[in-house]
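Good morning, everyone; before I start, please bring the structure up on your screens. I would like to go through a metal site and a sheet with you.

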Amino acid sequence: MASTIRDISGQDTVSIADLYTQVRARTMQIVAPLEIEDYVIQTADFMSPPRWHIGHTSWFFETVLRAYKPDYRVYSEDFLFYFNSYYEGFGERIERPKRGTKSRPTVKETVAYRNHIDEQILLLLRSLASLANAETVLSLVRLGLEHEMQHQELLVYDIKHLLCDQYDAPMKPRPKPLIKVDGMAEIEGGLFWLGYEAPHSEEAPQSGNFAFDNEKPSHQVFLQDFAIDKAPVSNGEYLEFIRDGGYQNFRWWFSEGWETVNREQWRAPHYWEFHDGEWMIRDFFGLHTAASRKDDPVSHVSYFEASAFAKWADKRLPSESEWEKAACYDAQRQVRNAFPWGDADPDCGNTNLFENGFWSVAPIGAVPEGANAHGCQQMIGDVWEWTTSDYVPYPGFKSEFDEYNDKWFVNQKVLRGGSFATPQLHIRATYRNFFHAHERWMISGFRCARDM
Ligand SMILES: [Fe+2]
């Protein structure tokens, strides 16, 4: 593994130790505006208290210390129990819905644990030269940093669920749309190489240094010709579906989706509220009319809702292969790019990711530099996009870390592209996120496709 790596600002290359320090510091920046009471509350079974995230990400690094640091002594057996998420191989753990039922370890104790782990990991990295399995340690620390970035995004979802507009983050003003985007891009079918392939040359993008095992190996798939929306579906378009009685008409819904709509009394996406005859959306900034946010990508919709909208619109959702080909393949030049705009790494000009600091989706047309060769906008950033693809292993899949990705290959759908809460260093066009069809507390949206 390379000894230097792109830093989180994308400006420089740094050592793994420096990257470790940067990534760990950002987690603490995200929780910095919280009051002590906020850290321990669990507002739903599916979210975790912020205290748990800052401890769990440290627990993950402690598993590396336990395996590879000579004479390492476990910090606390109680912490191993409370901060393990779902790893059977690492022993007993508290059930997820009960993470908010305990006031201990305290926040202060959790931060002390975190600082201890940081000290120990940095010592381990300094002594790498003397370790027989230095390569393994390096790759596990890198995995731990990607894991930490996943939890940074989860922290944004969970803090939104916990506090929403009461959270006092340093939010930058939202950008304005610069261009109008509508219509669909027509993509020619044929054989397409799906998935991640490690870069061969020096010019390859630095972010190409890491990919999860579930993005590999790169393999050929056959696609029919198809068309895909140039923009994600907007709040304005989704509002039309609601006003047309979309949530009252079984014919748009999968049977399981229709059951969920009725059981959960869904009438609109999560975070939408009905006040005085008008749909409103609550976000980190406050409460706004949906009409005033009509040009934003719709977010906080489940797979069921995305699919129902698509059927109502006489379209369908894309498969993940269609999404990836639309995002990356430049038919005119007959090359596959790392990202929709080319091989350059994501930055604040071509995407809306965590570093933009908006804490919000950007209106459609606000990021024209990120367009692909077909004029598709905002495929990376803003909202994770639902696809019809089941989350299953690619042919030839080999697990690189037990229980990380491999044990989730059932009953979930793939989402692509990252959201405004995803760090720049963490996203790739081949990244496969996955959630259950009913979930919608994460920043999930979609764009539609159509057969040709
Ligand atoms: Fe985790």
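Predicted model: local features only at pLDDT ≥ 70, side-chain atom pairs only at ≥ 80, totals over all residues.

Which residue in β9 is the bridge partner of R282? That partner is L287. Residues are numbered from 1 along each chain as its sequence is written, and side-chain values use heavy atoms, with hydrogens and water left out.

Let me stay with the sheet. Strand β8, residues 278-283, runs antiparallel to β9 and is joined to it by four bridges; strands here are DSSP runs of E with at least two residues, helices are runs of H or I with at least four, both numbered from the N terminus, and two strands pair if DSSP finds at least two bridges between them. The open sheet has three strands in the order β7-β8-β9, with antiparallel pairing, and its edge strands, β7 (272-275) and β9 (286-289), each pair on one side only.

Now to the metal. The iron ion is coordinated at 2.2 Å by the NE2 atoms of H56, H147 and H151, where donors are N, O and S atoms within 2.8 Å of the metal (3.2 Å for Na, K and Ca), and sites may look incomplete because water is not among the atoms. In sequence, these donor residues follow the spacing H-x90-H-x3-H. H56 lies in helix α2 (residues 50-68) and H151 in helix α5 (residues 134-162), so this pair ties together parts that are 95 residues apart in sequence.

Are these two histidines, H56 and H151, buried or exposed? Buried means under 20% relative accessible area, exposed over 50%, and partly exposed in between, with a 1.4 Å probe and protein chains only. H56 counts as buried because its relative accessibility is 1%, and H151, at 9%, is buried too.
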